[in-house]
Amino acid sequence: MSEQKALWGIDLGGTKIEGVILKSKDNPEVLLRKRIETEADKGYEHITDRIKLLVSQMAEEIGFQPKSIWIGTPGSTDPESGLLKNSNSTNLNHKPLHKDLEKLLKIPVFMANDANCFAVAETQMGVIKDQFPKVEVVFGVIMGSGVGGGLVINGKVWNGKHGIAGEWGHIFLDADGEDCYCGKHGCVETILAGKALERYYKKISGKDKKLKDIMADKSDDEFAQKAYERLIHFLGKGLSVIINVIDPDVIIIGGGVGNIPHLYDEGVESVKQFTFNPDMKTPIVKPKLGDSAGVFGAAFLNS
Ligand SMILES: [Zn+2]
């Protein structure tokens, strides 16, 4: 086994930190996978210590040290200041996470937005590799507790001038949306994130219900039906913007909201209504790698 070729990736999430070691770029077999709790409520320094702990546990188990590591995070690192920004794990924002981790881990560290990790993993190892191996431009969206997006061109992440390319979650979608942690109002994330959908349901019905149950109950619950119709309407409106501006070859929808089956028939019909081209042919597909995409993408960026 070649230590030199092994790819190390970490996915830093709000609740868990996951690490993976893949054998090589050409043979991305999983050699080791490990996850620990983030314990994000204990603050920024605790989070960086947890990452260090995970990397040292992985090194001990596999028997060698990483040469370098990619870390997928919510939010993105500003290319000029080096500070993390736009993270919905807000205690990471305005912190030099990249620099601090290099100091702690004593190896080159590279940072990637979690939605970019998702998009590159699905392109290199997931649904795009399986079903659309020849496409050039892939847009991956994550609709989970937050909403993010990543743009992959010819297999590589496109970061953009400010490191925010693909940040679909924070384009303005509707004035009826809520105030967003990013400081703006009515962002896609405030309408289409799983939590935002649950808050909307509560607002109109007065009841707490999990997204899964809202979707399951929509034939007997008029409020659930209304929340569903609103989701389909705004999914169409939101995704049409991506198609009108970038016109990708494929769109992948990840995250918990992406598991709602009707996104792929009624949702697609809604996208057609709002897209500039009346004959919208863009395949809108489910990911293959599930929860693993983030960590695999981070490892794959290491190649
Ligand atoms: Zn926002």
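Predicted model: local features only at pLDDT ≥ 70, side-chain atom pairs only at ≥ 80, totals over all residues.
Residues are numbered from 1 along each chain as its sequence is written, and side-chain values use heavy atoms, with hydrogens and water left out.

**View 1. Packing of helix α6 against helix α8.** Helix α6 (residues 194-205) packs on helix α8 (residues 222-245) at an angle of about 140 degrees, and the two axes are 9 Å apart. This makes α6 oblique to α8 (angles under 35 degrees count as roughly parallel, over 145 as roughly antiparallel, 65 to 115 as roughly perpendicular and the rest as oblique). Axes are lines fitted to C-alpha atoms, for helices over the stretch in contact, and angles run from 0 to 180 degrees between N-to-C directions. Helices (H or I, at least four residues) and strands (E, at least two) are DSSP runs, numbered from the N terminus. The crossing of α6 and α8 is right-handed; a crossing is right-handed if the near helix is turned clockwise from the far one by less than a right angle, and left-handed if anticlockwise. From α6, Leu197, Tyr200, Tyr201, Ile204 and Ser205 meet Phe223, Ala224, Lys226, Ala227, Arg230 and Leu231 of α8, contact meaning heavy atoms within 4.5 Å. The residues of this contact comprise eight nonpolar, one polar and two charged (Ala, Val, Leu, Ile, Met, Phe, Trp, Tyr, Cys and Pro count as nonpolar, Asp, Glu, Lys and Arg as charged, and the others, Gly among them, as polar).

View 2. Helix α9 (residues 266-274) and α8 have axes 7 Å apart at an angle of about 50 degrees, an arrangement that makes α8 oblique to α9. Their crossing is right-handed. The residues of the contact divide into seven nonpolar, six polar and two charged. Ser270 belongs to α9 and, at 5% relative accessibility, counts as buried (buried means under 20% relative accessible area, exposed over 50%, partly exposed in between, with a 1.4 Å probe and protein chains only). Not counting residues up to four places away in sequence, Ser270 touches Ile232, His233 and Gly236.

**View 3. The two aromatic pairs of the structure.** Rings of Phe, Tyr and Trp (its six-membered ring) pair if their centres lie within 6.5 Å; planes under 30 degrees apart count as stacked, over 60 as edge-to-face and the rest as tilted. The rings of Trp8 and Phe64 are edge-to-face, because their centres are 6.0 Å apart and their planes stand at 75 degrees. Trp8 lies in strand β1 (residues 7-12) and Phe64 in the loop between α1 (44-62) and β4 (69-73), so this pair ties together parts that are 56 residues apart in sequence. Trp8 is buried at 1% relative accessibility, and Phe64 is buried at 6%. Trp70 and Phe110 form a stacked pair, 5.2 Å centre to centre with 20 degrees between the planes. Since Trp70 lies in strand β4 and Phe110 in strand β7 (residues 109-113), the pair ties together parts that are 40 residues apart in sequence. Trp70 is buried, with a relative accessible area of 18%, whereas Phe110 counts as partly exposed at 35%.

**View 4. The mostly covered helix α10.** Helix α10 spans residues 293-301, and nine of its nine residues are buried. They are Ala293, Gly294, Val295, Phe296, Gly297, Ala298, Ala299, Phe300 and Leu301.
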